[in-house]
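Below are some notes for a colleague opening this entry. They are meant to be read with the structure in view.

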Amino acid sequence: MKPVIADAVPLLQRLWPVLRDRYAVEYPGYTLRLGEVHRSAQAQHDAWLAGNSTYDGLLRWSLHQLLPACALDLHAYGPTGGLTWDWSAYAPIGSIARDLGLVWGGEWTKLRDGPHVEVPKPERGRMLQRALVAAGWQVVVDGALGPKTASALRAWQRSVGLPDVGVLNPPTW
């Protein structure tokens, strides 16, 4: 299935064309395309089984499993137009992503993921807190996922018939 940017949170929808266009300017001859936005639990589990993720998609979920997704996987295409996995084609994504306030998977130590960018945890926290406020819960929108946010999230989860786990997971998102 072709990746669709509309499956991502509005922040990523807004920043994707900026990242793509800056990459084309800063890395002439190469282009970025969306590789993956939303991912099913089964696809995430398959990625984990193949050693391409530290998240199994069942007990530990990926930001790709949220809908709208909080992560993008990007594919670099070289001067001949073909997809490349050459690390040097992904390294420029890091500085651009940082400039845009995103997290780049290429800086991770456990499993470097050069094609991956995601919304930082504090911004995901603010998204959740804004949603809780809109639903009538009293929380401070500060990005900190502390006990008051967790308590409000558990209460909201109970109110809609979800398990009250107090964490942001795919059913909650």
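**Notes on helix packing and confidence**

1. Helices α4 and α5 cross in a left-handed sense. The contact between them is formed by Leu128, Gln129 and Leu132 on the α4 side, and by Thr149, Ala152, Leu153 and Trp156 on the α5 side. Sorted by class, the residues in this contact of α4 with α5 are five nonpolar and two polar, with no charged ones.

2. A pair of packed helices is described by the angle between the two axes and the distance between them. For α4 and α5 (residues 147-159), the axes come within 11 Å and cross at roughly 55 degrees.

3. The model is predicted, which makes confidence worth a look. The mean pLDDT of the chain is 93, and 100% of its residues reach 70 or more. Among the elements of the chain, α5 has the lowest confidence, with a mean of 92, while α1 has the highest, at 97.

4. Is Arg124 buried or exposed? This residue belongs to helix α4, which covers residues 121-134. Arg124 has a relative accessible area of 15%, so it counts as buried, the cut-off being under 20%. Leaving aside residues up to four places away in sequence, Arg124 touches Leu63, Cys70, Glu118 and Val119.

5. Which residues of helix α3 are buried? In this helix, residues 87-99, they are Ala89, Tyr90, Pro92, Ile93, Gly94, Ile96 and Ala97. Their cover includes one helix, α1 (10-26), and the strands β1 (31-36), β2 (71-77), β3 (83-84), β4 (103-104) and β5 (116-118).

6. Ala91 also lies in helix α3. Its relative accessible area is 33%, so Ala91 is partly exposed, a class that lies between the 20% and 50% limits. In sequence Ala91 and Gly114 are 23 residues apart, yet their C-alpha atoms are 6.7 Å apart in space.

7. What follows α3? Gly101 does, and the phi of Gly101 is positive, near 85 degrees.

8. To look at these points in the viewer, one could begin with the contact of α4 with α5, where Leu128 and Trp156 are among the residues involved. Arg124, buried at 15% relative accessible area, can be viewed next, together with Leu63 and Cys70, which are among the residues it touches.

Methods
Residues numbered from 1 in each chain as written. Predicted model: local features only at pLDDT ≥ 70, side-chain atom pairs only at ≥ 80, totals over all residues. Heavy atoms only, no water. Buried < 20%, exposed > 50% of the residue type's maximum accessible area, 1.4 Å probe, protein only. Helix = DSSP H or I, 4+ residues; strand = E, 2+ residues; numbered from the N terminus. Contact = heavy atoms within 4.5 Å. Axes fitted to C-alpha atoms, helices over the stretch in contact; angles between N-to-C directions. Left-handed = near helix turned anticlockwise from the far one by under 90°. Nonpolar A, V, L, I, M, F, W, Y, C, P; charged D, E, K, R; others polar. pLDDT = per-residue confidence, 0-100.
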